[in-house]
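Colleague: Hi, could you walk me through a structure? I'm new to this, so please keep it simple.

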Amino acid sequence: MIFAVKGVIAMAMALFVSMSLGLDRPYWALVSAIFLQIRPESGLVIEKVVCQVAGSVVGGLVGILILAFLTPYPYLALAGLALWVGLNSAAATMVLSRNFTYAFAMAAMTAGLVVVMVMVDTTTANSEAVFVIAQARISEIAVGAVCAMLVSQLLWPVQVKDSLRRHARNVINMTVSYLTLELDPKSTHEQRHQQADKILETLMTLTEDSSAVVYEGPEGPGRARAANVLCNKVMSLLAVIQILGRFHRNHGDLVSPAFATLQQQMQAHFKKIVAANNYGEAYLQTQALRRDLLEKRERFVDESAIIFRMTRTSLELVADLVVVLRAYNALENRDSTLLNAPKLTTHRDPLLGAINGLRTAVVFLIGAGVWVATASPAAVVMMIMPVVFSVTLARFSLVALTSFMRRLLVGVIVSIPFALVFGLALLSQGSGDYEILVLVLAGPYFLGLLALAKWPTLPYGLGFCIPFTIIVQPSNNMMFNVEVALSTALGLFVGIGLLYWVFKLVAPPDSQLMQRRLLKATARDLLDIDNHPHPENWFNGRMGERLLRLANYDQDIGHKDRYITDLGFTGLNLGHVSMRLRQLIKKHRGLRVDARLQQWQQALAETYLMSSRGESNTLFRDASARLLVAVRAGQEEPDNNTLIAEGLCERLALTFERTAMTVSAAKGKPAWSSLETGQAHTGTGA
């Protein structure tokens, strides 16, 4: 309710300022203000203002540039414009934050408006007219953005730091609960995956919001760093949880009574952490868990090397959890001892970018063709608005996009009678004063903004508010023409409907191909892991959205066993295990060991890809053997770290064998077994 009231005030203010300044089309200021009512927290609004204004300036300059060279060649100008909107749509696919997509949407829209408005009347197409039109479009968008920002800051301000803490608390609780599920023998595969999916979704939301919190005062940058640290360490926790969970499920015969007691103690502490009311209590419980683990490890008698390794892994998990809790606390209170960490990054797939760019350009060209053929003003709207939606929604998956577009179309349909009644019937009877204009329009906008405030109803609100504004076109000199209004409404409906069908027809490749590309990208990162000063932060940042995309594709395909998602988590696990291997053998690093380590990493990446296809690769064992021989050279007796490294390599080999058999079974192929190659191995999987 408050967000809707603030939105109406922001739009009234934008309309008043733009009309007072005598701007040509004040309704574009309203369109700009509407977009800023999506997630109206102060930091997010400021970030969107920066993106909108910057995108509008760039778009205006590109429009001027196109006209400077191609005014005598209108078809080439439209082709250049189609290329520009396609590039913006492709670029929007490559960024993580939805706010940044507004910059590309405004750049595409402003360039289109500048070029088309000049081409409407070529008799006055001189350099001065081009500059005036570009300046007007940029001014209108900037006025709407600035007014919305001022209202957001001055009236009942809501800060993004509050949502950051809420998301952070949720993701910590979900992660701890996920560990409990992994250690619970009664938990199901589907339960674990549903929990992991929620964690990844919340992590990506947290990462997206962290870029906006920097605008909220001097503490903002520190909170952004804390959020990045938290997201990064949660990814590390997921990797460690995978190790403990798979060991517990696949090799229960190796779990000793002492380690089983240790696991029960961990579960008890984790339940207390989830139930904690504040940071201090949760932190004390985590420290108590760490002390219990150390005490129980000291009491171990005749335990196997793998039990010591799993206990060490449990301690590493607790250490990561401590950092996560400190990062959560730093979202409110400065903690200068926390090291900076990169934020989770988007998965940049050029193929997806090319497809999104192509379909946006196709939508624009179809609208341009209608405009050239009919010279109708409604065709201008048919060209521009679908482009804005196409660029803004570039990062949506096809399933989410289909649902979003259907709701958007419903909003458009509802907006048409409202616009005709309020725009033509009521306003035409008024005195033309600003006060009457605001009073009449406040009701419909309030209803639309109520829908805009919540994610499930957001498409309805967006589909209502923007078409309503463009059909009514409030300004100083309104023309109450039923024919023009109906023509504009028809152009909007046809354009957005066309966008829906183009998105359906020009769709990304099937999910299986995209999954293969994601797995190959993971394998490339495994090869590159040694080329970064902070490999854990770098690898976690790369894997965040990648895992979420794999999970979404798995759900789209309908795999009950979700083995592709498991492969994604295996890739995350492999990255962390290879980093641990480097720590174990760092005292023995030299030219020979480094050469063998590089060969081992190459074999690791290749075997990962082969196992994801259900194929075996015995070369990994050979590479592991050569590496271990190089590490043991010069040692009379292998030290403890070397023995752990040997066990680690053996566990990885068994993990690959088990993964290959799982994938083969899921695909209905004969299950591969190590016995088929004449090899029989013992040990435990990673």
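Rings, charges and loops

Colleague: What is the relative accessible area of tryptophan 156?

Modeller: Tryptophan 156 has a relative accessible area of 48%, so this residue is partly exposed. Here buried means under 20% relative accessible area, exposed means over 50%, and partly exposed is in between, using a 1.4 Å probe and protein chains only. Before we go on: this is a predicted model, where local features need pLDDT of at least 70 and side-chain atom pairs count only at pLDDT 80 or more, while totals for chains, interfaces and linings use all residues. Residues are numbered from 1 along each chain as its sequence is written, and side-chain values use heavy atoms, with hydrogens and water left out.

Colleague: Good to know! Where is the place of tryptophan 156?

Modeller: Look at the loop between helix H6 (127–154) and helix H7 (160–183), and you will find tryptophan 156 there. Helices are DSSP runs of H or I with at least four residues, numbered from the N terminus.

Colleague: And what about phi for tryptophan 156?

Modeller: Phi of tryptophan 156 is positive, about 45°, although the residue is not a glycine. In general, most residues other than glycine have a negative phi.

Colleague: Which residue other than glycine has a positive phi near 55°?

Modeller: That is arginine 39, with a phi near 55°. Arginine 39 is placed in the loop between helix H2 (27–35) and helix H3 (42–70). With 32% relative accessibility, arginine 39 counts as partly exposed.

Colleague: Which side chain meets that of arginine 39?

Modeller: The side chain of glutamate 41 does, in a salt bridge of 3.3 Å, N to O. A salt bridge is a side-chain nitrogen of Lys or Arg within 4 Å of a carboxyl oxygen of Asp or Glu. Glutamate 41 has a relative accessible area of 9%, so this residue is buried, whereas arginine 39 is partly exposed.

Colleague: How many salt bridges does the structure hold?

Modeller: There are 20 salt bridges in the structure. One of them joins the side chains of glutamate 536 and lysine 233, at 3.4 Å, N to O.

Colleague: Nice. Which residue forms a salt bridge with aspartate 525?

Modeller: Arginine 546 is the partner, and the closest N and O atoms of the two are 2.8 Å apart. Aspartate 525 lies in helix H19 (residues 511–528) and arginine 546 in helix H20, so this pair ties together parts that are 21 residues apart in sequence.

Colleague: Aspartate 525 and arginine 546: buried or exposed?

Modeller: Aspartate 525 is buried, with 3% relative accessible area, and arginine 546 is buried too, with 2%. There is also a network: salt bridges that share partners join Asp530, Arg582, Arg589 and Asp594.

Colleague: Let's switch to rings. How many aromatic pairs are there?

Modeller: Searching the whole structure gives 14 aromatic pairs. Rings of Phe, Tyr and Trp (its six-membered ring) pair if their centres lie within 6.5 Å; planes under 30 degrees apart count as stacked, over 60 as edge-to-face and the rest as tilted. Take phenylalanine 247 and phenylalanine 259: their ring centres are 6.0 Å apart and their planes are at 75°, so this pair is edge-to-face.

Colleague: Which helices do they lie in?

Modeller: Phenylalanine 247 lies in helix H9 (residues 220–250) and phenylalanine 259 in helix H10 (residues 257–275), so the pair ties together parts that are 12 residues apart in sequence. Both phenylalanine 247 and phenylalanine 259 are buried.

Colleague: What about tyrosine 500 and tryptophan 501?

Modeller: Their ring centres are 5.2 Å apart and their planes are at 80°, so this pair is edge-to-face. Tyrosine 500 is buried, at 10% relative accessibility, but tryptophan 501 is exposed, at 51%.

Colleague: Last one: which residues do ring pairs link into a cluster?

Modeller: Phe418, Tyr445, Phe464 and Phe468 are linked that way.

How values were computed:
Helices (H or I, at least four residues) and strands (E, at least two) are DSSP runs, numbered from the N terminus.
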